[in-house]
Amino acid sequence: MQTFGRQPAFVARAPGRVNLIGEHTDYNDGFVLPMAIDRDVTIIGASRDDRVVRLRSVNFGDETSFALDRIEKAHDGAWSNYARGVADVLQRAGFALCGFDGVIYGEVPIGSGLSSSAAIEMATLMAFAAAGAGGSAPLALDGAQAARLAQRAENEFVGVNCGIMDQFIASLGKAGHALFIDCRSLAYELTPMPKGVTVLVVDTSAPRSLAASAYNERRAQCEAAARLLGAPALRDVSAETFERRRGELPDLIARRAAHVIYENRRVLDAVAALRASDVATFGRLMNQSHASLRDAYEVSSKELDAVVEIAQRVPGVYGARMTGAGFGGCAIALVDDAQVGALTQAVLHEYPRRTGRAPKVYACVASNGASWRTL
Ligand code: ADP
Ligand code: MG
């Protein structure tokens, strides 16, 4: 807060996330199972008497300010649009906001697929809650509502058509738990993670250049499959129905549909495995998920496959898979705590040899969703 010459009065924070299983299921009204990671976007701040918000991002080395009575979008791609968007949707939803000065520091890698965007949205929302607390404008909204407003900020203000998963887990995550989400009803349930295991996240450092066009193409293929099967969404097609009728679909469409239909079932099986503390089964489901994303859905890459193959050979690794939309970004491995060092060494040693790229490795544990407190 030195830049603003003020003492901080509150700290607000929200975590990044990884999706443990359930990939490309969200836009098919299906199931996902993310966990919040122990890397936050943090805002320290102090409220102001006027209706101005001043923000500095340490990561970007840049400062911005805007008036709550006239929120304009900064240029396309500007980091401040996430905060502006949150302020805008909160006010449109009828919440009275209070201005504040804040300094943002993010430990969530930016643009790596660990959702620093949802983290900055939820951290900003928490900062507004902190700034208004005790005054005339406390923000009364629950975690699910908060997540939906943050998503709306990203969809409508920033202009990124993301689903609800990232904001939901950044808001509602809990230490030691994964969050099972039904992307149709938005029903959710915290499920305890097994003790003694770590989620190792490996950033492939590979560009995701193909991701956007392939994503749109996959979405269209899934919609076509649902239409041909006469179902509102692939969520509504059971594996049994699919196997009986898959001959009615063109081969490519059938393979795309098979991924989604069996991936939804794997998420349900994974949740059951967590409830039974059956980490071996959970790991096998992760491996199957990866194989399906690679062979049937065709959204993996040689870098993602390399990480997964390296990890799967290390003793103490239960399972590994790509996570996120694909073509780059991150892969994850579920590993015995005692073998985190060995797995890290294997990745740091073998991955550059196979791909010519330098990986980044983050050992993560399931962490709490967004919060704020006074200082
Ligand atoms: P991801 O969510 O996978 O990290 P996105 O492209 O969706 O990648 O979001 C990254 C964007 O979020 C950044 O370009 C920036 O605009 C914003 N952002 C994330 N972290 C910070 C931060 N610490 N300070 C300022 N802006 C941030
Ligand atoms: Mg994002």
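How many disulfides does the count come to? I took a disulfide as a pair of cysteine sulfur atoms within 2.5 Å, and by this rule I count zero. Cysteine 330 is in no disulfide, its nearest cysteine sulfur being that of cysteine 364, 9.1 Å away. Cysteine 364 is likewise in no disulfide. Cysteine 330 is buried at a relative accessible area of 2%, and cysteine 364 is buried, also at 2%. I use buried for under 20% relative accessible area, exposed for over 50% and partly exposed in between, with a 1.4 Å probe and protein chains only.

A note on method: the model is predicted, local features need pLDDT of at least 70, side-chain atom pairs count only at pLDDT 80 or more, and totals for chains, interfaces and linings use all residues. Residues are numbered from 1 along each chain as its sequence is written, chains are lettered from A and ligands numbered from 1 in the order written, and side-chain values use heavy atoms, without hydrogens and water.

Next I looked up the nonpolar cores (buried Ala, Val, Leu, Ile, Met, Phe, Trp, Tyr and Cys residues joined through side-chain atoms within 4.5 Å). The largest has 73 residues, and Leu33, Met35, Leu90 and Phe128 have the most contacts inside it. Helix H2 (residues 116–132) gives this core its largest share, 12 residues; helices are DSSP runs of H or I, at least four residues, numbered from the N terminus. Domain 1 (2–192) and domain 2 (197–364) both contribute residues, so this core lies between them; the bounds come from an automatic or database domain assignment. Apart from it I find another core of 44 residues, including Leu229 and Val335.

Conventions:
Helix = DSSP H or I, 4+ residues; strand = E, 2+ residues; numbered from the N terminus.
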